[in-house]
Amino acid sequence: MSGNFKPRRDNNQFVFGIRAIIEAIASGKEIESLYIQRGLTGGLYQELKTITNEYHIVPQYVPVEKLNRMTPKNHQGAVAVISPIIYQRVENIIPEIFEKGEVPLILVLDSITDVRNMGAIARTAECSGVHAIVIPAKGSAQINADAIKTSAGALYKIPVCRHENFVQTVRFLQESGLQVVCCTEKTQEYIYKPDYTLPTAIVMGSEEDGIRNELIRTADHLAKIPMHGEIESLNVSVSAGIILYEAVRQRQ
């Protein structure tokens, strides 16, 4: 794991009001999610828009009723959630792994939206020696108190890297010498075929949508878990455990 990793922070905190959110971003607070009222205008909103672009924060535009449900306070059309962890950049982590003489094992989670699945996967990842988890900036479960609890604190111990251009980030991993293994049913090959003793990024997709097609086309290997029952799929956290511990078995 990254030698400069500073993972812990307080539980999620809400920040209300455009000026307060701008100041939170400018002071280096990690924004987990940002909700902005649809149709919001004005100079202060433009200032918020400018700083969110600068810090690569992707807001969600929502009806004012949603913001009113989140807080009875004067939110001015904007509510932010500060993350309990500090996100990392995988571009910084990969060189450190190689410098230590270790073989990278990265877990890429494509649109895992269930908070408890996220926590359970992180717990298994930490136990199995994964160096970092990579998630998309949009369309991923919040790292909140429930996720932290389900992970048994693993989300405080393992670097989580959140990236806006998700497909490009996976390609960066390939360019850095990692093979990309997508765990998917869209193949005849089983998870036992890839050589996980090589630098590896394992990609898991959501149970509803699976792994996005761009990553399927980019992958070096597609691999599926053998299924012998009538139920067609496993919970994604269980699937992650199975393939990660195949990697552990090969690396022992």
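Biologist: Exposed means over 50% relative accessible area, buried means under 20%, and partly exposed lies in between. With that settled, which residues of helix α7 are buried?

Modeller: This is a predicted model. In helix α7, residues 166-175, the buried residues are Phe166, Val167, Thr169, Val170 and Leu173.

Biologist: Where do they sit, seen down the axis of α7?

Modeller: The buried residues of α7 fall within an arc of 160 degrees, so they line one face of the helix. In general, an α-helix has 3.6 residues a turn, so residues three or four places apart point the same way.

Biologist: And which residues are exposed on the other side of α7?

Modeller: Gln168 and Glu175 are exposed there. Just after α7 comes Gly177, which has a positive phi of about 100 degrees.

Biologist: Let us turn to the nonpolar cores. Which residues touch the most other members in the largest one?

Modeller: The largest nonpolar core has 35 residues, and those touching the most other members are Leu107, Leu109, Ile133, Ile202, Met204 and Ile243. Two or more residues come from each of β5, α5 (115-127), β6 (132-136), α6 (145-150), β8 (179-183), β9 and α9 (236-251). There is also a second, separate core of 23 residues, with Val167, Val170, Ile216 and Leu222 among them. Val167 and Val170 are also among the buried residues of α7.

Biologist: What is Ile133 in contact with, leaving aside its neighbours within four places in sequence?

Modeller: Ile133 is in contact with Leu107 and Leu109, and also with Ala122, Ala125, Ile158, Pro159, Val160 and Cys161.

Biologist: Now the charged pairs. How many salt bridges are there?

Modeller: The count is 7 salt bridges. One of them joins Arg212 to Asp110, with the closest N and O atoms 2.7 Å apart.

Biologist: Which parts does that pair tie together?

Modeller: Arg212 is in the loop between β9 (200-205) and α8 (213-218), while Asp110 is in strand β5 (residues 105-110), so the pair links parts that are 102 residues apart in sequence.

Biologist: Is Asp110 buried or exposed?

Modeller: Asp110 counts as buried, because its relative accessibility is 2%, a value under the 20% cut-off.

Biologist: Which residue forms a salt bridge with Glu189?

Modeller: Lys193 does, and the closest N and O atoms of the pair are 3.3 Å apart. Glu189 is partly exposed at 28% relative accessibility, whereas Lys193 is exposed at 59%. Another salt bridge joins the side chains of Glu91 and Arg89, at 3.4 Å from N to O. Glu91 is partly exposed, with a relative accessible area of 32%, and Arg89 is partly exposed as well, at 39% relative accessibility.

Biologist: Changing topic again, what order do the strands of the open sheet have?

Modeller: The open sheet has 4 strands in the order β1-β4-β2-β3, and its pairing is mixed. From one strand to the next, the twist averages 25 degrees.

Biologist: Which are the edge strands?

Modeller: They are β1 (13-16) and β3 (60-62), each of which pairs on one side only. β1 runs antiparallel to strand β4 (residues 78-82), and 4 bridges join the two. Phe16, for example, has Val79 in β4 as its bridge partner.

Biologist: Where does helix α1 lie?

Modeller: Helix α1, residues 18-26, lies across β1, β2 (31-37) and β4, and runs at about 30 degrees to β4.

How values were computed: Residues are numbered from 1 along each chain as its sequence is written. This is a predicted model: local features need pLDDT of at least 70, side-chain atom pairs count only at pLDDT 80 or more; totals for chains, interfaces and linings use all residues. Side-chain values use heavy atoms; hydrogens and water are left out. A salt bridge is a side-chain nitrogen of Lys or Arg within 4 Å of a carboxyl oxygen of Asp or Glu. Buried means under 20% relative accessible area, exposed over 50%, partly exposed in between (1.4 Å probe, protein chains only). A nonpolar core is a set of buried Ala, Val, Leu, Ile, Met, Phe, Trp, Tyr and Cys residues joined through side-chain atoms within 4.5 Å. Contact means heavy atoms within 4.5 Å. Two strands pair if DSSP finds at least two bridges between them. Axes are lines fitted to C-alpha atoms, for helices over the stretch in contact, and angles run from 0 to 180 degrees between N-to-C directions. The arc is that of the directions from the helix axis to the C-beta atoms.
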